[in-house]
Every structure is written in C-alpha cells, then in structure tokens.
Amino acid sequence: MLDNLPRGTICIEDIEMGMSRHLRKVVTDEDIEMFAQVSTDRNPVHLDDDYARDTIFQGRIAHGMLTAGLISAVIGEQLPGHGTVYMGQSLKFLAPVRPGDMVYAEVKVIDIDMSRRRVKLDCHCAVDGKKVLVGEAMVLAPSRKFD
C-alpha cells in the first residue's frame, strides 16, 4: 500500500476541517481469494472467469466490501487512526473494481463535534480517476484527555 502519511493516531484535539488522508492499493487475485475465504462470500462473479464473463460485468470483479475495506484502512490507520471507533458508514457502489486495478481510497473531514469526539468523514474510492465508491463515515476519535 502507498500511504500519503505515516500510520498512527491523530487525536480529536488536532483534527481540522478539510483534513484528508489516502492510500493506493492494487487489488490482486490473491486479495479477492483471501476476502472470499474470510467473508465466506464465494459468489462466482468474484472467483470464476467463465461464469463472470457471462454477467453484466463481462469479467471478474472484486467484492464491493473489499474495496470499502480500504476506506476502513485509511480511517483505522491514518485519520483519525489508531484508537478510532467506527460508528457508522454509508456506501454507494458506482462501478466495479477488477483484479489488477489500482484503487485510490480517500477520507476527508467534513464535520467535527469536539464535545462528543465525533468526526464525520467524506469517503470515496477511485480507479483511474473515476469514482467507484462514495459514502460518509461517522467515527469516535481518540483523545489525549481520555485515552
């Protein structure tokens, strides 16, 4: 993975509106196979070339939640990072991700509730500059006062 900043923790006291972090990752056949094993989602559109060729996608695609997991990686490792608790996530899948695609996952701070340690993040994933997933996340950010 190619992160734009080191992994760690950004405490609520240091989070600012508009702050963003991202990563890039090539989704591999191995990633798709491991996700299928862990999730138990063995839909052949993800795993079987012959089957997938005859679908609307005309070939194999990655699990949508594998792509969404890259958003989770940015949130859990970079912004806010270690100690963050997910409270909610909306997702809209706009286009498929295929084996070999380089996915760019980004989160951006769009609201901060300091008193409740809540941070709302705009989230998206893109392949070749085209958004494939959009959504928002609400997280409980770590604080120097409590953690």
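**Exercise 1.** Which residues does arginine 60 touch, not counting residues up to four places away in sequence?

*Solution.* Before we start, a word on the ground rules: this is a predicted model, where local features need pLDDT of at least 70 and side-chain atom pairs count only at pLDDT 80 or more, while totals for chains, interfaces and linings use all residues. Residues are numbered from 1 along each chain as its sequence is written, and side-chain values use heavy atoms, with hydrogens and water left out.

Step 1: find the residue. Arginine 60 sits in the loop between helix H3 (49-53) and H4; helices (H or I, at least four residues) and strands (E, at least two) are DSSP runs, numbered from the N terminus.

Step 2: list its contacts, meaning heavy atoms within 4.5 Å. Arginine 60 touches Asp29, Ile32, Val45, His46, Leu47, Asp48, Asp49, Ala52, Arg98 and Pro99.

Step 3: check its accessibility. With a relative accessibility of 13%, arginine 60 counts as buried (buried is under 20% relative accessible area, exposed over 50%, partly exposed in between, using a 1.4 Å probe and protein chains only).

Step 4: Salt bridges that share partners tie Asp29, Asp49 and Arg60 into one network (a salt bridge is a side-chain nitrogen of Lys or Arg within 4 Å of a carboxyl oxygen of Asp or Glu).

**Exercise 2.** Which residues of helix H1 are buried, and which exposed residues does the face turned away from them carry?

*Solution.* Step 1: pick out the buried ones. In H1 (residues 29-39) these are Asp31, Ile32 and Ala36. They lie on the same side of H1, because they cover an arc of only 135° around the axis, the arc being that of the directions from the helix axis to the C-beta atoms.

Step 1: turn to the other face. Glu30, Gln37 and Val38 are the exposed residues there.

Step 2: ask what covers the buried side. The cover includes strand S2 (20-26), helix H2 (44-47) and helix H4 (64-77).

**Exercise 3.** How many salt bridges does a search of the whole structure find, and which parts of the chain does the one between arginine 7 and glutamate 77 link?

*Solution.* Step 1: get the total. The search turns up 8 salt bridges.

Step 1: zoom in on one pair. In the salt bridge of arginine 7 with glutamate 77, the closest N and O atoms are 3.5 Å apart. Arginine 7 is in the loop between strand S1 (2-3) and S2 and glutamate 77 is in helix H4, so distant parts of the chain, 70 residues apart, are linked.

Step 2: check both partners. Arginine 7 is partly exposed at 38% relative accessible area, and glutamate 77 is partly exposed at 25%.

**Exercise 4.** Which element gives the most to the largest nonpolar core?

*Solution.* Step 1: size it up. The largest nonpolar core has 32 residues, and Ile71, Val107, Val119 and Leu121 have the most contacts inside it (such a core is a set of buried Ala, Val, Leu, Ile, Met, Phe, Trp, Tyr and Cys residues joined through side-chain atoms within 4.5 Å).

Step 1: see who contributes. Two or more residues come from each of H4, strand S4 (102-113), strand S5 (118-127) and S6.

Step 2: name the top giver. That's H4, with 7 residues.
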